[in-house]
Amino acid sequence: MTSLTDRKNAAISRGVGMTTQIYADRAENAEIWDKQGNRYIDFAAGIAVVNTGHRHPKVIAAVKAQLDRFTHTCHQVVPYENYVHLAERLNTLAPGKFAKKTIFVTTGAEAVENAVKIARAATGRQAIIAFGGGFHGRTFMGMALTGKVVPYKVGFGSMPADVFHAPFPISLHGVSVEQSLAALKKLFAADVDPARVAAIILEPVQGEGGFYPAPTAFMKALREICDQHGILLIADEVQTGFARTGKLFAMEHHDVAPDLTTMAKSLAGGFPLAAVTGRAEIMDAPGPGGLGGTYGGNPIGIAAAHAVLDVIEEEQLCERANQLGNRLKQRLAAIREKAPEIVDIRGPGFMNAVEFNDTKTNLPSAEFANKVRLIALEKGLILLTCGVHGNVIRFLAPITIQDEVFAEALDILEASILEARG
């Protein structure tokens, strides 16, 4: 009988990479069962999509209720109230003490694309500045903004013009806040007039780049630079949003308000929905019809998102994220005493990572990180690697994970790291 993997290889483009060969049959909260009945603890959560867990009862109930009413009208043709209500909620919840407006689209990359469109329309400028190691999607503008070539840009030809990159401050890799700001100043002097720059975009915690948090001093300095030159600040909260970092939005850690915020992933608890929320006057810069999309703000995703926001508040998931993250980092610190390959443990809330180096060369070791991932997978724990050097394991378990399942996962993690050393 032909295996599912053989069928996949014959039917699906190899460009769709797969981290595991697990074919899901069912899932509940932080656990997945495959077609053979094997059970796994999910520390990927669909790449930070199901922060509220697989099939949260309140999310499923909201979706079922919406299914019984209607599934699609296209909001631009026949609008619906829960789209308006969700925009009102995000306008209130997103960082910034100013009037805001929101649009809904379908994917994180689409949210980023629209944020750039809005920024250019509002400022009349073209240039965008992003950062090395950042990830902003796989569309052409998303690729251009992303600060990593392989696998995201290789083979796809020319990128959109007027996109510039500066180094992201990562002290572990020898780039200080001062050096990053100096590079930005040099960029203004040598490559692009700040009067031509529409926006600076960054992730408050780099996701695919390695889970490096932006220092508060850096965020505050960027806000000052943007204000000085009339540049808009875009916070890409696609992966950091919705309680993952211990705040509803990661920018709340810095007391810095972006002009535009992009969001997706966990916004709708597993249903496709993305958004851009920003200053009302900036959001109104494009003319009618300039923004939108056939599936943008699909009523199923909108209903799910309302339930997700309710669950985050009712179950105090921001507090829960901080508790779980502290437990994880404490356990990793204890493991570090037995595993000198661990060179860093980091991340706010429950957006955590561990970084590995080769003990002989002290260089980043993607081999060790991947070995830990594969051993853990054999033991029933799904992990994801990331980072420009591929030597980081990121932890993205649902914030609703049960205490006993979390404890089991930590035991597997420790056993996997120690086994990888052998």
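Where is Ala243 found? In this predicted model, Ala243 is found in the loop between strand E8 and strand E9, the latter covering residues 260-263, and the legends below begin with that residue.

**View 1. Ala243 and its backbone angle.** The phi angle of Ala243 is near 80 degrees, which is a positive value in a residue other than glycine. Most residues other than glycine have a negative phi, and most peptide bonds are trans. Ala243 has a relative accessible area of 0%, and because buried means under 20%, this residue counts as buried.

**View 2. The seven-stranded open sheet.** Seven strands form an open sheet of mixed pairing, and their order across the sheet is E4-E10-E9-E8-E7-E5-E6. Strand E4 (100-105) and strand E6 stand at the edges, where each has a single partner strand, so one side of each is left without a neighbour in the sheet. On average, neighbouring strands of this sheet are turned by 20 degrees against each other when direction is ignored.

**View 3. Strand E7 between its two partners.** Strand E7, made up of residues 197-202, is mostly covered, with six of its six residues buried. With strand E5 (residues 127-131), E7 runs parallel and is joined by three bridges, and the bridge partner of Ile128 in E7 is Ala199. With strand E8 (residues 232-236), E7 also runs parallel, and here four bridges join the two strands. Ile201 stands opposite Ile234 in E8. From E7 the chain crosses through helix H8 (residues 216-229) to reach E8, and this β-α-β crossover is right-handed.

**View 4. Strands E5 and E6 with helix H7.** Strands E5 and E6 run parallel and are joined by four bridges, and the bridge partner of Ile128 in E6 is Val163. Helix H7 (residues 177-190) packs on the sheet, where this helix touches E5, E6 and E7, and its direction makes about 155 degrees with that of E5. The side chain of Gln206 reaches the backbone oxygen of Gly132 at 3.0 Å. Leaving aside residues up to four places away in sequence, Gln206 touches Phe131, Gly132, Gly133, Gly134, Phe168, Ile170, Phe211 and Tyr212.

**View 5. Phe211, one of the residues touched by Gln206.** Phe211 also has its place in the loop between E7 and H8. The phi angle of Phe211 is near 60 degrees, a positive value in a residue other than glycine. At 0% relative accessibility, Phe211 counts as buried.

View 6. Pro151 itself lies in the loop between helix H6 (140-145) and strand E6 (163-166).

View 7. Four strands form an open sheet of mixed pairing, in the order E1-E2-E3-E13. The edge strands are E1 (24-28) and E13 (381-382), each of which pairs on one side only. Strand E2 (residues 31-34) and strand E3 (residues 39-42) pair in the antiparallel sense over three bridges, and Glu31 stands opposite Ile41 in E3. Helix H13 (residues 403-421) lies across E2, E3 and E13, and this helix runs at about 95 degrees to E3.

**View 8. Two buried cysteines.** Cys74 is buried, with a relative accessible area of 11%, and Cys318 is buried as well, with a value of 16%. A disulfide is a covalent bond between the sulfur atoms of two cysteines. A search of the whole structure finds zero disulfides.

Note on methods. Residues are numbered from 1 along each chain as its sequence is written. This is a predicted model: local features need pLDDT of at least 70, side-chain atom pairs count only at pLDDT 80 or more; totals for chains, interfaces and linings use all residues. Side-chain values use heavy atoms; hydrogens and water are left out. Buried means under 20% relative accessible area, exposed over 50%, partly exposed in between (1.4 Å probe, protein chains only). Two strands pair if DSSP finds at least two bridges between them. A crossover is right-handed if, with the strands pointing away from the viewer, the path from the first strand over the helix to the second runs clockwise. A polar contact is a pair of N or O atoms within 3.5 Å; within protein, one must be able to donate a hydrogen and the other to accept it, and residues adjacent in sequence count only if both atoms are side-chain atoms. Contact means heavy atoms within 4.5 Å. Axes are lines fitted to C-alpha atoms, for helices over the stretch in contact, and angles run from 0 to 180 degrees between N-to-C directions. A disulfide is a pair of cysteine sulfur atoms within 2.5 Å.
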